[in-house]
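Hello,

Here is the structure I promised to pass on. My notes on it follow below.

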Amino acid sequence: MSVTTRVLVGLTASLMLCAGGATATAAPIDVPWSPDTAVDTEVEFVSDGITYYGSLRPSVGETRGAALLLPGSGPIDRNGNVQAANISPSTIAYIADALAQRGITTLRFDKIGAGRTGTDGFDPANPPGFTDQVDAAEAAAAVLSQRTGISGDDFAVLGHSEGGLTALALADRGVAVGKLGLLAPLSIRYFDLLHAQLNRNFDLAVSSGQATPADADVWRGRLDETIAALRAGEPLPYPDDEVLAPIGFNEESATFLTEADALDPAVLAGRLPSGTDVLLTCSDKDLNVSCGQTDVLFDALQGTDVDYARFTNASHMLAELGPLPTTGFDMYAPLPQSSEFRGALDAWVDRAFA
């Protein structure tokens with residue numbers, strides 16, 4: 001992989017974690033995240049022939065509800081980390097802890113290729129698609145409801161980044177989701193987001209001297225051709241492209257991306273039952289999902305009871321940046337949970353689960 005390609009992949013890695021931010025060389029950091037003495041219970045369930053493993057985290061004190069936690073893209077473990085790529089923001093673990101302290105029992109689980117779930121039962125010749133990911137979320141929701149006896153209005157699904165689309169797809173299936181957390185969610189169609197993100201990165205590569213304008217024009221053309229082909233149900237025109245393949249435009253991920261792109265988050269949001277309690281977040285320092293994109297989702301959520309929290313210093317991983325600029329590589333730093341996000345989450349839980 002060329003230097004230019006590594007730069008582009010790294011700039012995109014915080015959303016498409018499956019790209020593997022291979023530029024990091026630091027040792028993995030296990031961020032302390034659990035300040036109380038609650039003990040998780042190991043949970044396993046089967047979906048589409050694959051056994052998933054996760055953690056049931058009990059509420060502290062009186063139980064007010066239950067929440068399924070869904071992470072973003074790539075082989076993310078139950079805590080929101082990709083240890084193989086030295087990415088350890090513990091986004092999902094922090095959320096589980098925060099919710100436990102507000103009386104919410106949660107379930108989080110290792111995705112395929114991560115943690116204890118690993119790749120057992122995974123068929124490389126038939127890689128799972130986005131529909132399979134929603135299947136797994138539905139199976140996990142059933143386990144959480146069965147274990148807690150909680151369903152309906154007191155049952156929530158919180159999805160971060162790509163997990164927001166998974167949460168919306170789950171609700172659209174008719175799964176009883178009383179409350180929904182869309183945390184820095186994928187808010188426009190998948191290929192449209194990748195198109196915007198990659199074109200921004202092409203611009204950065206040119207402005208930093210890592211690529212020539214001619215190089216960027218070639219990449220843009222190939223990206224446009226690839227998206228058009230996949231949306232038309234045609235084969236990948238450049239399956240081994242050194243820029244596109246590492247961030248998901250390859251034979252292994254094409255089905256997943258195409259299935260995800262077929263779902264418009266705004267359309268799914270517009271179909272939510274009237275009065276559904278929703279928490280929607282965005283941040284000015286999020287390089288992956290802009291507040292302009294989540295504004296579109298907010299408009300589609302007008303039939304729901306939505307709280308829209310806009311932050312100024314939170315990263316895409318919902319970590320605290322404070323006055324620091326965001327670079328896209330802050331996911332490698334052991335940052336605490338965003339104080340803005342924590343305040344918004346606590347306030348929403350206290351209102352929605354009152």
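**Salt bridges**

Lys179 and Asp277 meet through their side chains in a salt bridge, with N and O 3.3 Å apart. Lys179 has a relative accessibility of 4%, so it counts as buried. Asp277 is buried too, at 11% relative accessible area. Please keep in mind that this is a predicted model.

Asp40 takes part in two further salt bridges, one with Arg57 and one with Arg108.

- Arg57 to Asp40: the closest N and O atoms are 3.1 Å apart. Arg57 is in strand E2, and Asp40 is in the loop between helix H1 (3–12) and E1. They are 17 residues apart.
- Arg108 to Asp40: the N to O distance is 3.0 Å. Arg108 lies in strand E4 and Asp40 in the loop between H1 and E1, so this pair ties together parts that are 68 residues apart in sequence.

How exposed are the three residues? Arg57 counts as buried, at 1% relative accessibility. Arg108 counts as buried at 2%.

Salt bridges link Arg64, Arg102, Arg342, Asp346 and Asp350. The count for the model comes to 24 salt bridges.

**The sheet**

Eight strands form an open sheet in the order E1-E2-E4-E3-E5-E6-E7-E8. The pairing is mixed. Strand E1 (41–47) and strand E8 (305–311) stand at the edges, each with a single partner strand, so one side of each has no neighbour in the sheet. From one strand to the next the twist averages 20°.

E1 and E2 run antiparallel and are joined by seven bridges. Glu42 stands opposite Ser55 in E2. The hairpin of E1 and E2 has two residues between the strands, and Asp48 there takes a positive phi near 55°.

Next comes the pairing of E2 with E4. These two strands also run antiparallel, with four bridges between them. Gly54 has Phe109 in E4 as its bridge partner. How much of E2 is buried? Seven of its eight residues are, so E2 is largely enclosed by the rest of the structure.

Strand E7 (residues 277–283) and E8 run parallel, joined by seven bridges. Asp277 has Asp305 in E8 as its bridge partner. This is the Asp277 that forms the salt bridge with Lys179.

**Helix H3 and its partners**

Two helix contacts involve H3, one with H7 and one with H4.

H3 (residues 130–148) and H7 (residues 254–261) have axes that come within 7 Å and cross at roughly 75°. That angle falls in the range of 65 to 115 degrees, so the two helices are roughly perpendicular. Phe130, Thr131 and Gln133 of H3 make the contact with Phe256, Glu259 and Ala260 of H7. By type, the residues of this contact are three nonpolar, two polar and one charged.

H3 and H4 (residues 162–172) have axes that come within 9 Å, crossing at roughly 70°. H3 and H4 are therefore roughly perpendicular as well. On the H3 side the contact has Phe130, Gln133, Val134, Ala137 and Glu138. On the H4 side it has Glu162, Leu165, Thr166, Ala169 and Leu170. This contact divides into six nonpolar, two polar and two charged residues.

Best wishes

How values were computed:
Residues are numbered from 1 along each chain as its sequence is written. This is a predicted model: local features need pLDDT of at least 70, side-chain atom pairs count only at pLDDT 80 or more; totals for chains, interfaces and linings use all residues. Side-chain values use heavy atoms; hydrogens and water are left out. Axes are lines fitted to C-alpha atoms, for helices over the stretch in contact, and angles run from 0 to 180 degrees between N-to-C directions. Angles under 35 degrees count as roughly parallel, over 145 as roughly antiparallel, 65 to 115 as roughly perpendicular and the rest as oblique. Contact means heavy atoms within 4.5 Å. Ala, Val, Leu, Ile, Met, Phe, Trp, Tyr, Cys and Pro count as nonpolar, Asp, Glu, Lys and Arg as charged, and the others, Gly among them, as polar. Two strands pair if DSSP finds at least two bridges between them. A salt bridge is a side-chain nitrogen of Lys or Arg within 4 Å of a carboxyl oxygen of Asp or Glu. Buried means under 20% relative accessible area, exposed over 50%, partly exposed in between (1.4 Å probe, protein chains only).
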